[in-house]
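Here's a quick briefing to read alongside the model. Have the sequence open while you go through it.

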Amino acid sequence: MLTQTTTRVLEPSDLGAALAILESEPVANAFVTSRVQVAGLDPWRLGGEMWGWYADGRLRSLCYSGANLVPICAGPEAVRAFADRARRAGRRCSSIVGPAEPTTQLWRLLEPSWGPAREVRGNQPLMVTESLSAHVTPDPLVRRIRKDETEILMPACVAMFTEEVGISPLAGDGGLLYQARVAELIGTGRSFARIDDGKVVFKAEIGAATSQVCQIQGVWVAPEHRGKGLSETGMAAVLRYALADVAPVVSLYVNDYNTPARKAYRRVGFREVGAFMSVLF
């Protein structure tokens, strides 16, 4: 018997079915799950469309199509359907990101029409932990950033983004969207830093957050302070806040070539459980 499949844009009434899929893999899907839990499936609030792939009338896979294109719980057939839809719509995203296997397949199908990419990061280890390491003492000077410290934090955020992504977040709209995101993280108490003499020496944020898992992002140490162990003690401090106040599981993903960071995260208590892939345009 042939399986009947279809793909369509999900509507607010599909929220329950979409969340069931998202929450089936809480670590891998943390970014999209956190957005859907807050905004639902309305494209204006969500910042993009949620595509659903159905097999025999049942929702099986998702793909978030916004500033990022993100395949979710997608097998080969679903990936092909999402690639067809993305190809017809044309590229509107600044990146494709997600679990390495479906993202690799999705990019292979889209590259002939969407390529070349500015950069492809094919293996970004996904790491998790549920506890603090006994081997690293959290830096007592790392704390939540206050709203009145936004101007102090912003140069460090811009430097981190530029170093990590390869372009400045101030390009295009002058940084309005990026500054709004930084302000949002500060306002929700998910931005952390150590500030010495009015300058940021370490910073990190808790980006995505659900009741099951949260994701640390934007880890940065000022260049003149690198090699002093601040990434380890700073991460331990952020991890302590995250486990106490946000979620029982903390995750992050890191570039495979960033050997010092991977070693630091393992020392803090993280372990590798999978891999992401990112295609940057």
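Contact here means heavy atoms within 4.5 Å. This is a predicted model, where local features need pLDDT of at least 70, side-chain atom pairs count only at pLDDT 80 or more, and totals for chains, interfaces and linings use all residues. Residues are numbered from 1 along each chain as its sequence is written, and side-chain values use heavy atoms, with hydrogens and water left out. Helices (H or I, at least four residues) and strands (E, at least two) are DSSP runs, numbered from the N terminus.

**Around Ile195**
- Ile195 sits in strand E8, residues 191-196.
- Leaving aside residues up to four places away in sequence, Ile195 touches Arg143, Ile145, Glu149, Ile152 and Val200.
- Asp42 is 153 residues from Ile195 along the chain, and their C-alpha atoms are separated by 39 Å.

**The sheet**
- Strands count as paired if DSSP finds at least two bridges between them.
- An open sheet with mixed pairing is built from 12 strands, in the order E1-E2-E3-E4-E5-E12-E6-E11-E10-E9-E8-E7.
- E1 (5-9) and E7 (143-144) stand at the edges with a single partner strand each, so one side of each has no neighbour in the sheet.
- E4 (residues 68-72) and E5 (residues 95-99) run parallel, joined by two bridges, and Asn68 stands opposite Ser95 in E5.

**A helix on the sheet**
- Helix H8 (residues 176-187) lies across E8, E9 (199-209) and E10 (213-221), running at about 85° to E9.
- For that angle, axes are lines fitted to C-alpha atoms, for helices over the stretch in contact, and angles run from 0 to 180 degrees between N-to-C directions.
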